[in-house]
Amino acid sequence: MSTASPTVPSQRVRILVVDDHTLFRRGLTALLSRDPQFEVVGDAADAGEALRRAKELQPDLILLDNHLPGVRGVDALPSLREAAPGARVLMLTVSEDEQDLADALKAGAAGYLLKTIEGDALAAAIRRVMVGESVLAQEMTSKLVAAFQGASSAAHPTTPQPSATTPAPPLLLSSLSPREREILRGIARGASNKEIGRELGIAETTVKIHVQHVLRKLDVSSRVQAAVLATENGLT
């Protein structure tokens, strides 16, 4: 996981922590509170409490565990987004299940991280999410590909149809310039715009423009989808 720190809005990021383990919530709150850019405004131990708190607090970010009493975090995700429309939801869980990952991303999660993540990396991931990027635990990249390939096969057992989660047609990939291919490889590795720029010796703003071109040419809407296509087509 990347630890680069992209610029975030000047206002503090207001965070709601949702996890059924009291000690973990307290530890995560203490960790995040060390960073002056973050403010943990509340916490919740289950989906029902999370919905009430999200509606009341209207946080900027919801850190959501998947293993909650009664209702999985991924199943509560749509209701949380409805309760707090301005909030981004970032999964933070022990689950490495590819279906949980796919369900979370389909439901609108801004990213999927594992609880083994280091504190600095988590802070960097939050900053990336708050500037509109998607984040994904490095360990989950191959599982993301497998999850969407499986979903595609199940939906179309005899005649697969092209989509943003099946291998990109050669024409789309061939439309990328050499520089854009380098950018795509960086996206697939989970690198931030700042890290890609440093590696390639170009400005971060230039990388951002290239990323926009890559997404448009591949006909995808997020960096996660672009990473899937790159992995499927051997561009990592």
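**Strands and salt bridges in a predicted model**

Lys217 is partly exposed, because its relative accessible area is 27%, a value between the limits of 20% and 50%. The model in which this residue is described is a predicted one. Lys217 forms a salt bridge with Glu180, and the closest N and O atoms of the two lie 2.8 Å apart. This pair links distant parts of the chain: Lys217 belongs to helix α10 (residues 204-218) and Glu180 to helix α8 (residues 178-188), the two being 37 residues apart. Glu180, for its part, has a relative accessibility of 5% and therefore counts as buried.

The structure as a whole contains 11 salt bridges. One of them joins Asp35 to Arg127, with 2.2 Å between the closest N and O atoms.

Another salt bridge connects Arg72 with Asp100, whose closest N and O atoms are 2.6 Å apart. Since Arg72 sits in the loop between β3 and α3 (73-83) and Asp100 in helix α4 (residues 98-106), the pair ties together parts that are 28 residues apart in sequence. Arg72 counts as partly exposed, at 30% relative accessibility, while Asp100 is buried, at 7%.

How are Arg72 and Asp100 joined with Asp75 and Asp103? Salt bridges with shared partners bring these four residues into one network.

The description now turns to the strands. Strand β1 (residues 13-18) is mostly covered, as 5 of its 6 residues are buried. β1 runs parallel to strand β2 (residues 38-44), and 6 bridges join the two. Within this pairing, Val18 has Ala44 of β2 as its bridge partner.

A pair of aromatic rings is described by the distance of the centres and the angle of the planes. With ring centres required to lie within 6.5 Å, the count of aromatic pairs is 0. A charged side chain does, however, meet an aromatic ring: Lys115 lies over the face of Phe24, at 4.2 Å from the ring centre.

Methods: Residues are numbered from 1 along each chain as its sequence is written. This is a predicted model: local features need pLDDT of at least 70, side-chain atom pairs count only at pLDDT 80 or more; totals for chains, interfaces and linings use all residues. Side-chain values use heavy atoms; hydrogens and water are left out. Rings of Phe, Tyr and Trp (its six-membered ring) pair if their centres lie within 6.5 Å; planes under 30 degrees apart count as stacked, over 60 as edge-to-face and the rest as tilted. A charge sits over a ring if NZ of Lys or CZ of Arg is within 6 Å of the ring centre and within 35 degrees of the ring normal. Buried means under 20% relative accessible area, exposed over 50%, partly exposed in between (1.4 Å probe, protein chains only). Helices (H or I, at least four residues) and strands (E, at least two) are DSSP runs, numbered from the N terminus. Two strands pair if DSSP finds at least two bridges between them. A salt bridge is a side-chain nitrogen of Lys or Arg within 4 Å of a carboxyl oxygen of Asp or Glu.
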